[in-house]
Amino acid sequence: MMKGFIELTSESQLDEIDSASRNGKGVLIYKHSTRCFISSMAQRRLSGLDTDEIPAYYLDLLRYRSVSNAIAEKYGVGHQSPQLLWIVDGKCVEHTSHEGVSSEVVDTWMEHASISNDRSGIVEYVGRRSD
């Protein structure tokens, strides 16, 4: 488990993630394999992530594969490991995998996106997909 990350262990938490993604800057989901060297490198590259600025969930793929499958289906993003998804307003607006997973990529996503949260509570994402 990573410091500051919320452990993702059940499909029911995806509703919680969708709800939280409508506030502020959205929510990150990091999918990690404890048996994969690339995942270990990605985890180190995420260590600089400020989880006070953007909530982040950690999914252990080996223990909770069914949750990973539910994420792929719900957000329309094929399974990869490691993988990082940015959820805004209940939708995956950016994602990356393997060597692309880092706190720097999150900074880049946020720099190139416009997120507004008007008084109605509606969050709007305007940006370009990175892939």
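**Reading the model, feature by feature**

Author: Leaving aside residues up to four places away in sequence, D18 touches K74, Y75, I87 and G90. Please bear in mind throughout that this is a predicted model.

Reader: Where does D18 lie, and is D18 buried or exposed?

Author: D18 belongs to helix α1, residues 13–20. Burial is judged by relative accessible area, and buried means under 20%. D18 has a relative accessibility of 10%, and therefore counts as buried. Its side chain is joined to that of K74 by a polar contact of 2.9 Å.

Reader: Which side chain is joined to that of K25 by a polar contact?

Author: The partner is E53, and the contact is 2.7 Å. K25 itself is located in the loop between α1 and β2. With a relative accessible area of 35%, K25 is partly exposed.

Reader: What is the geometry of the pair formed by W86 and W109?

Author: W86 and W109 are stacked, at 6.0 Å centre to centre and with 5° between the planes. Since W86 lies in strand β4 and W109 in helix α4, the pair ties together parts that are 23 residues apart in sequence. Both of these tryptophans are buried.

Reader: Which residues of helix α4 are buried?

Author: In α4, which spans residues 103–111, the buried residues are S103, V105, V106, W109 and M110. They cover an arc of only 155° around the axis, which puts them on the same side of the helix. The face turned away from this buried side carries the exposed residues E104 and E111.

Reader: Against which elements do the buried residues of α4 pack?

Author: They pack against β2 (27–32), α2 (37–45), β4 (83–88) and β5 (91–97).

Reader: What is the order of the strands in the open sheet?

Author: The open sheet has five strands in the order β1-β3-β2-β4-β5, and the pairing is mixed. β1 (6–7) and β5 stand at the edges with a single partner strand each, so one side of each is left without a neighbour in the sheet. β2 and β3 run parallel and are joined by five bridges. K31 stands opposite L59 in β3.

Reader: Which strands does helix α3 touch?

Author: Helix α3 (residues 65–75) packs on the sheet and touches β2, β3, β4 and β5, and its direction makes about 135° with that of β2. Helix α4 also packs on the sheet, where it touches β2, β4 and β5; the direction of α4 makes about 30° with that of β4.

Reader: How many helices and strands does the chain have?

Author: The chain has four helices and seven strands. Read from the N terminus, its elements follow the order β-α-β-α-β-α-β-β-α-β-β.

Reader: What percentage of the residues in the chain is buried?

Author: Of the 131 residues, 47% are buried. Contacts may be summarised for the chain as well: among those with a separation of 6 or more, 67% are between residues 24 or more positions apart.

Notes. Residues numbered from 1 in each chain as written. Predicted model: local features only at pLDDT ≥ 70, side-chain atom pairs only at ≥ 80, totals over all residues. Heavy atoms only, no water. Buried < 20%, exposed > 50% of the residue type's maximum accessible area, 1.4 Å probe, protein only. Helix = DSSP H or I, 4+ residues; strand = E, 2+ residues; numbered from the N terminus. Arc of directions from axis to C-beta. Contact = heavy atoms within 4.5 Å. Phe/Tyr/Trp six-rings, centres within 6.5 Å; stacked < 30°, edge-to-face > 60°. Pairing = 2+ DSSP bridges. Axes fitted to C-alpha atoms, helices over the stretch in contact; angles between N-to-C directions. Polar contact = N/O pair within 3.5 Å; in protein donor to acceptor, adjacent residues only side chain to side chain.
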